[in-house]
Amino acid sequence: MGVTISGCDGSRGEVATEAVEQLRSGLRGSLLSPGSPGYDEARTIWNAMIDRRPALIARCTSPADVALTVRFAREHDLLLAVRGGGHNIAGNAVCEAGLLIDLSEMKGVQVDPNARTARVGGGATLADFDREAQAFGLATPLGVNSTTGVAGLTLGGGFGWLSRKLGLTIDNLLSAEVVTASGEVVRASNQDNPDLFWAIRGGGGNFGVVTSFEFRLHPIGPEVLSGLIVHPLDAARDVLRFYRDFMPDTPEELVCWFVMRKAPPLPFLASEWHGKEILGLAVCYSGSNLAEGERVIAPLRKFGKPVADATAPHPFTAWQTVLDPLLTPGFRNYWKSHDFREVSDGLIDALIEHAGKLPDPNTEIAFAQLGGAVGRVPNEATAYGHRDGQFVLNVHGRWQDPAKDAACIVWARDLFTATAPFATGNVYVNFLTQDEGERVRAAYGKNYDRLSQLKNKYDPRNLFRLNQNIRPLAYA
Ligand SMILES: Cc1cc2nc3c(=O)[nH]c(=O)nc-3n(C[C@H](O)[C@H](O)[C@H](O)COP(=O)(O)OP(=O)(O)OC[C@H]3O[C@@H](n4cnc5c(N)ncnc54)[C@H](O)[C@@H]3O)c2cc1C
């Protein structure tokens with residue numbers, strides 16, 4: 001008798017009980033199976049549409065634990081998933097009936113304030129990282145929802161409020177400790193295994209399990225000038241035309257994303273607007289001179305007739321969590337995404353049309369601004385290969401009732417199709433859903449072939465396949 005478990009190819013087999021017990025006793029962390037305390041928590045991820053039951057979950061606490069588990073998976077040819085923060089929309093962080101490496105106990109963050117660097121565990125969230133770095137008045141570009149994992153975000157590229165000025169998250173990555181498919185623990189940096197370092201900066205979880213990251217930090221805050229400027233959806237055409245003309249000449253410390261959705265009951269918004277369709281400009285000026293920031297954002301605040309304006313100095317860590325209440329776990333989610341070089345009239349019209357027929361009050365259209373420092377790094381310098389995209393549309397289909405699945409998915413796909421003519425054809429790998437296999441090449445762009453060669457070198461048997469998968473040449 002043994003444990004029934006899924007192999008790499010999805011077929012079920014058995015691993016002898018003695019082998020499983022040997023793994024259990026070799027771990028400093030714990031090995032969970034269905035029914036163990038903590039099992040359901042470890043298999044539950046952000047997107048409630050994903051409900052998978054691994055046969056075994058290794059809750060690793062160290063690189064040695066990860067290496068042991070990777071060797072076990074390889075030896076028994078098991079289906080292997082790796083969970084960082086568990087946020088990825090595609091749900092690859094969990095496998096059905098296979099082995100899951102759960103890094104959620106590896107959340108350590110050590111800041112060196114003199115060197116302005118931080119070492120961050122493979123299971124840390126953005127909130128863990130920001131909290132420790134801000135204790136020293138430091139930060140690096142991360143995403144906008146604090147419960148997201150640093151690992152998955154970084155491995156796909158990573159961008160947020162600081163990226164126009166300071167680049168992608170990977171542009172601030174100095175080194176990483178990686179457990180490769182062979183079970184070795186190696187360092188990846190510009191000096192050590194530089195090809196692996198290139199590949200993990202945008203190539204996702206294809207090349208190994210990152211047990212820790214070393215980042216460059218920058219002085220930020222403690223306050224940033226930030227907040228939401230809210231307009232009725234009826235004014236969106238004029239406001240977005242102004243936005244597109246105004247933003248290019250502003251300093252790179254300023255970033256403005258926008259969202260179209262039904263207004264939540266925000267305390268600073270008059271109750272008559274709650275539940276109505278709005279356009280929200282989310283503004284963040286991260287320069288140290290907030291008075292200068294006031295001058296820079298003044299035209300945005302003055303334009304049109306906003307129904308609310310909550311821009312003010314906010315602690316950076318508070319601003320980094322400001323969207324958390326709208327992005328809580330446990331909802332059903334279906335996203336579609338495109339990159340854009342410009343905010344064209346046609347794009348604005350398509351967004352407004354679809355914002356007028358939102359299928360659920362939790363569904364939203366999110367539009368992120370990149371540009372600046374992101375585009376100054378050549379496309380071939382890292383695996384993230386489409387830095388000419390200035391904006392990223394993320395169609396956030398989001399709802400609770402499974403009976404609404406079809407309506408919400410259809411709406412998201414319709415908007416995706418309507419905006420496609422204005423898009424670059426590229427897509428951010430971290431925003432791909434699970435049914436977009438045909439877009440994986442577009443996500444890696446011209447870097448795909450080099451990535452495929454490196455996959456051959458570091459993971460020829462495709463042990464790390466539960467991701468936006470780069471096929472080793474043998475499988476290509
Ligand atoms: C609400 C929300 C907001 C977001 N906002 C932003 C944003 O502002 N900016 C942005 O850039 N992205 C954003 N994202 C996308 C986010 O970057 C991805 O979902 C990312 O994959 C999440 O990382 P994770 O560790 O939480 O995910 P997980 O689901 O745990 O991991 C995703 C994949 O990464 C790999 N992986 C995870 N950890 C490791 C590891 N330690 N070593 C090797 N491989 C690993 C695995 O293949 C795994 O399947 C957002 C996502 C959500 C859901």
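Buried means under 20% relative accessible area, exposed over 50% and partly exposed in between, with a 1.4 Å probe and protein chains only. By that rule, Gly204 counts as buried, because its relative accessibility is 14%. Welcome to a predicted model, in which local features need pLDDT of at least 70, side-chain atom pairs count only at pLDDT 80 or more, and totals for chains, interfaces and linings use all residues. Residues are numbered from 1 along each chain as its sequence is written, and side-chain values use heavy atoms, with hydrogens and water left out.

**The ligand and its shell**

- The ligand is surrounded by 35 residues, where a residue counts as near if one of its heavy atoms lies within 4 Å. The closest are Gly84, Gly85, Gly86, Phe159 and Tyr428.
- By class, the shell divides into 17 nonpolar residues, 17 polar ones and one charged. Here Ala, Val, Leu, Ile, Met, Phe, Trp, Tyr, Cys and Pro count as nonpolar, Asp, Glu, Lys and Arg as charged, and the others, Gly among them, as polar.
- Strand E5 (80–83), helix H5 (150–156) and strand E12 (209–216) each supply at least two shell residues, and H5 gives the most, with four. These elements are DSSP runs numbered from the N terminus, helices being H or I of at least four residues and strands E of at least two.
- A backbone N or O atom of Gly149 is 2.8 Å from a ligand oxygen, a polar backbone atom of Gly152 is 3.0 Å from one, and a polar side-chain atom of Asn430 is 3.2 Å from one.
- Taken alone, the ligand exposes 950 Å², and the protein buries 97% of that; the areas come from the Shrake-Rupley method with a 1.4 Å probe.

**Nonpolar cores**

- A nonpolar core is a set of buried Ala, Val, Leu, Ile, Met, Phe, Trp, Tyr and Cys residues joined through side-chain atoms within 4.5 Å. The largest has 42 residues, and Met260, Leu351 and Phe367 have the most contacts inside it.
- Apart from that core lies another, of 41 residues, including Leu138, Ala176, Trp198 and Ala443.
- Setting aside residues up to four places away in sequence, Phe367 touches Trp257, Phe258, Phe340, Val343, Leu347, Leu351, Phe391, Val392 and Leu393. Contact here means heavy atoms within 4.5 Å.

**Individual residues, buried and exposed**

- Asp245 lies in helix H8 (residues 236–246) and counts as exposed because its relative accessibility is 52%. Its C-alpha is 9.3 Å from that of Val343, 98 residues away in sequence.
- His396 sits in strand E21 (residues 391–399) and counts as buried because its relative accessibility is 7%. Beyond its neighbours within four places in sequence, His396 is in contact with residues including Tyr334, Trp335 and Glu364.
- Gly204 is in the loop between helix H7 (194–200) and E12. Gly204 and Tyr384 are 180 residues apart in sequence, with 9.4 Å between their C-alpha atoms.

**Backbone features to look at**

- Gly221 and Pro222 are joined by a cis peptide bond, with omega about 15°. Pro222 is in the loop between strand E13 (218–219) and strand E14 (223–232).
- Asn193, in the loop between strand E11 (185–189) and H7, has a positive phi near 45°. With a relative accessible area of 30%, Asn193 is partly exposed.
- Asn462, in the segment after helix H14 (448–458), has a positive phi near 55°. At 1% relative accessibility, Asn462 counts as buried.

Definitions and conventions. A polar contact is a pair of N or O atoms within 3.5 Å; within protein, one must be able to donate a hydrogen and the other to accept it, and residues adjacent in sequence count only if both atoms are side-chain atoms.
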